Every structure is written in structure tokens, then in C-alpha cells.
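Subject: Structure handover

Hello,

Here is the structure we discussed, followed by notes on what turned up in it. Please read the notes with the coordinates open.

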Amino acid sequence: MEDIAILGVGMHPWGKWGRNFVEYGTVAARKALDDAQLEWSEVGFISGAITVRCGYPGYVAGSTMARALGFNGTQVASSYAACASGATALSVARGQILSGACDVALVVGADTTPDGFLAPNDGIRTDDTDWLRFHMVGATNPVYFGLHARRRMELYGATQEDFALVKVKNSKHAVFNENARFNKEYALEDISASPVVSDPLRLLEICTTSDGGAAVVVSSLDYAKSLGVDNPVRISAIALNTPTYPDPLIDLPYLATDSSANTIPNEIGFKESIGKHVYEEAGIGPEDVDVAEVYDLASSMELDWYEQLGFCQPGEAESLLRDGSTSIGGRIPVNPSGGLGAFGEAVPAQAIAQVCELNWQLAQQAGKRQVEDARIGITANQGLFGHGSSVLLRR
Amino acid sequence: MTKDTKIEVPAVEGFFTIEEEPHLIGGRFKKSGSYCFPKSLGGSDPDFPDDEIEEVLLSRVGKIWSYTNSVYPPPPPFIAAEPYEPIVIAAVELEEEKMVILGQVVNGYSVEDLSVGMPVEVTVGTLYEDSENRYLTWMWKPLSEEQKQDKN
């Protein structure tokens, strides 16, 4: 598939203000349009990432944002894929561009989140595994993170200090990110002094819920050229994987895994398949990647991604972290933005925010958190109910 | 704890049996031979498009695949006891069904008492109660002798 060009990106800083999500999305969209040096009237298609926590306007996020920017007849769609919604919205925009339906598309996601644990909406739904896992077991999101972190300790000898060091690294990166909610640099002692939420994970290692917004303006390469943009950051591949049956790993929001009683699980696991998809689509391999933004809902998950994206072999992630390879200045810096640990979850915005960060990195506009000479970047993200996503950017 | 006159009912019907040796109620795909839990909410094997699910009782005993806890009370629709005692949760692998099932660990155990590979059996325990009923869910109970058993 052909590449598309990123013409501009923009974010509303992440925080906790409780204001209307439309405000965050509009700010991000206007910044992205300014960055692209385009007017809203020049956008042919707006692709909204849905939020399910802000009422009806959130379910129709695309048209809600279009109305806030001023209804002008622009084509619109809205996408939901839980935490992967932003990547889905980007993929819809790419399809519109590559089919020739539009020249320029605006992708936007924003959210206003409640305090505390993310939880199902009100009501009794005994046929909804997301409702059942809370009601029958008390399995919050951090419970699943804790299960996998403990498994990592069992399989590979990972320690709580390894998990804490991920947070230490990412907090150093976040110091230089004005869009991050938390800019404080944490030491190991700070993390070990924070309370356990779901053993073995501590409060400072689990991402919080935040308000925020992110937007990207994309176009065909030809259209970019017509604007005088000859060498844009390009999107070379997007993955929107579902798992392959039987998936032997317990995952949000299910009460059980598939059964492998009569079918051997695929050699390549679900998370591994996400990176594999974009590598194949872009015709590169993990050894070509210069920088990554991965979905660190918990510090331990970042270590899993190192292996799932092929930066190292299973069981080697802790060494990769400890030898500095994944810090800015290392071989393959991961989460130079500070990651979700520094941002918190603003569900429909975060997959787009990952693209914003990699755009800045590849355009050499990342300031003090710049990864030197970064030319290829990968994002990885996952939404519950089987939504894997990844975006591969190149310059 | 003295037994009162409360009636024991499942918090949601159809997930487990209530008997001396309770079982989880799962589904078995007739053609593919694989299993699912809960019986009506499992994923399908794409290689068996016309498969049908029959209700089966799943193995009572499995081994801990991993475990954790929730130090803070989970939000609704969980109904947290007051005062809240951290719940412990295990993901348990059933040998025959080759699947991992989540569940709370029975009261009296902390994460320090558990280990990966530890054998456990399924039982039922109280999820919450009101003036008339005690609402039950399935729980995992370690089989190991040395474990402290604080069942009063």
C-alpha cells in the first residue's frame, strides 16, 4: 500500500480538568491545522475517534468535532476500538486518501475521563464480559496487568525493580514534554515507596486516567508535494489486528482464555502479530526501527512490548532496559514522550498522540527529548476486546 | 461464623454449580472439541464454522498460571465489602481443557501464600450479601496442605 504524508500534528496537553472533551479536541485539531498550514475548509474528511464516557457527542466524535470547528459539509466518520480507536480513525482516513475520495483528512480524538479505575457504564449486563469481570471477579484493568507482570517474574526472573526502572526511565523523558501530565523525574525510591495497587505493580507504575486531545492532518504524497512539502514524515503501515484463535493468553476483558485443547495456538502470539503486520507492510524489520512509542498501561507491559516488537528475544527485555538501550541516547529509545505513565489514559486520543510524538521525532522537532537521527518509528497499542494496533512512520 | 437463615444464590445464574464439590459450567464445541467459559460467551474456532456448543462441567482442579490482588476496592458493578479487604485473584490453567480461567481466591489467602504452578480447586464463596440472600461466585482454593486455612 502507498504511503501517506503527515502534514501537521497537534495536541492539547494531558491533565485533569473535567472540561468538555470537545474543547481538548478542538484545540488539538486547530494546532494540527496550523502545523500543516492549512485551513479547516481545505479538509475533505474528518475522522473522529470515539469516546464512550462523554455521552452521545462522544459516540459521534467526528461530527461533534466538525461542528465545533464549524459545519461546512465535510465528509465524516467516527471509529471505536477502545484504546486503539485513534489508530482505527487514522486507518479510515488513510483509506479515504488512498482511494482518492479526499486529498486531506483530519484525524482527531479527545476525552474527559472520570477519576479512579476505568469501569463499565451503568446497568446490569450479564452477557457482557466487561461487566462480568468486574461484577463476578473484581478484575479491574490493573488486575490483568498484575497477572502478566507476575508471569514475567516467573518466566524470566524479572523483578519489581526492573518494573520500577521502566518508570524511572520514562519519567526522565517526560521532564522535557510540555504535553505530558506528569513532568516529575522519579527515582527508584519514589516508586518503591508508592503503594501496591495490584501485586507486584505499584501506583506510580500504573497509568492513571487523564483528559487530553490529539490530532493529525494527513494527505496523499502527491497532494503534499503540491503544497511544496517534498519530504514529509510518512505513514508507511498501519495494523489493526484481531487475535488468532485460540489465543492462549488471558486478556482484557475476558474471564477465560480460548481453549487450546484441540487446536495448537499460532506460533506468533497476538501482540507479536501486530508488529509483524506493519513490518511486512512497510517491508522492513525490527532492526530498522530507531524509536518506538508503546502502550505502557503498566511499566511491566513496556518490557513485554520490547520482545513483542522484536527489539530483543523473549526474556531479554530487562537487559535491554538496564543497559540503556531504550533510553534516549540508546540503540532503540522507547517512549521518548514519557509514555502513558507520564500522560495517563485519554482513550480515543492516545494512539493519535503516539503518532504525534513520532512525527516530532522523525521531523527532528522533539527538542530536548530528540532521538538523534530517527528515521523510522513504530507505535504499538491495544484496545480491549481484541484490538491490536500499530503505526509505522518513516522519513 | 454462625450460619444464618440467608439463602445462598449465584450472583449470576449459569456460571457454576452449587454443591459440595462445585463445578464451573462451561461450553464444549461438539466438532472442534475445544471448550469455553462462560458457556455462551466464548470465542469460536474459525475452522469449525458450523460448530455447536454443549454445556459441560469443567475440571474442578487446575494450577495457578499467575496471581495478583486488588489492594483498592474495584468500582461498580463490583460490590465491595465495607471495610474492604483486598481481594486476591488467580488465573488458573485447567489441564484437560487447556484454558486459563480467572477467579477470586478464597478468603484467608494473600499473594504471599500463592505461587505459580500451585494446585487449586474450584469452590464457591460469597461475593456480597443483603438481608435475605448471600450472593455467590466461583473461587479458587489452594490444595496445598501447608497453606494457612483461615476459614473459621
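**Notes on the model**

Just after α14(A), A:Gln364 has a positive phi of about 60 degrees. Please keep in mind that this is a predicted model.

**The nonpolar core**

The largest nonpolar core has 164 residues. The members that touch the most other members are A:Val107, A:Ala215, A:Val216, A:Val218 and A:Ile352. α14(A) gives this core its largest share, 10 residues. Domain 1 and domain 2 of chain A both contribute residues, so the core lies between them. As general background, nonpolar side chains in soluble globular proteins tend to be buried together.

What does A:Val107 touch, leaving aside residues up to four places away in sequence? Its contacts are A:Ser47, A:Ala89, A:Leu90, A:Ala93, A:Ala215, A:Val216, A:Val218 and A:Ile352.

**Domains of chain A**

Chain A is divided into domain 1 (4–114 + 211–234) and domain 2 (140–206 + 235–394). Their C-alpha centres lie 24 Å apart. Across the boundary, 36 residues of domain 1 are in contact with 36 residues of domain 2. On the domain 1 side, the elements that give two or more residues are β1 (4–15), α4 (85–98), β4 (104–111), β7 (211–220) and β8 (233–239) of chain A. By class, that side of domain 1 has 22 nonpolar, 10 polar and four charged residues.

**Helix α1 of chain A**

α1(A) runs over residues 21–36, and its 16 residues reach 23 Å from the first C-alpha to the last, close to the expected 22 Å. Of these residues, 12 are buried, so the helix is largely enclosed by the rest of the structure. The buried set is A:Phe21, A:Val22, A:Tyr24, A:Gly25, A:Thr26, A:Ala28, A:Ala29, A:Lys31, A:Ala32, A:Leu33, A:Asp35 and A:Ala36. Note that A:Lys31 and A:Asp35 are on that list. The buried residues pack against β1, α2 (56–59), α3 (61–69), β4 and β7 of chain A. After the helix comes A:Gln37, which has a positive phi near 55 degrees.

**Strand β12 of chain A**

Is β12(A), residues 387–394, enclosed or open, and why? Seven of its eight residues are buried, so the strand is largely enclosed by the rest of the structure. The pairings of β12(A) are as follows.

- β8(A) runs antiparallel to β12(A) and is joined to it by five bridges; A:Arg234 stands opposite A:Arg394.
- β10(A), residues 376–379, is antiparallel to β12(A), with three bridges; A:Ile376 stands opposite A:Arg394.
- β11(A), residues 381–383, is antiparallel to β12(A), also with three bridges; A:Gln382 has A:Gly388 as its bridge partner.

**Chain B**

In chain B, three strands form an open antiparallel sheet in the order β3-β2-β4. The edge strands are β3 and β4 (53–57), each of which pairs on one side only. β2(B), residues 25–29, pairs with β4(B) in the antiparallel sense over five bridges, and B:Ile25 stands opposite B:Leu57.

**Contact between the chains**

How many residues of chain B are in contact with chain A? There are 40, and they meet 38 residues of chain A. On the chain B side, β3 (35–36), β5 (61–70), β6 (87–94) and β7 (99–105) each supply at least two residues. β7(B) gives the largest share, six residues. By class, this side of chain B comprises 26 nonpolar, 11 polar and three charged residues.

Regards

How values were computed
Residues numbered from 1 in each chain as written. Chains lettered and ligands numbered in written order. Predicted model: local features only at pLDDT ≥ 70, side-chain atom pairs only at ≥ 80, totals over all residues. Contact = placed C-beta atoms within 7 Å. Helix = DSSP H or I, 4+ residues; strand = E, 2+ residues; numbered from the N terminus. Nonpolar A, V, L, I, M, F, W, Y, C, P; charged D, E, K, R; others polar. Domains from an automatic or database assignment. Expected span 1.5 Å × (residues − 1). Buried ≥ 20, exposed ≤ 12 C-beta atoms within 10 Å, placed from the backbone. Pairing = 2+ DSSP bridges. Core = buried A, V, L, I, M, F, W, Y, C linked by C-beta atoms within 7 Å.
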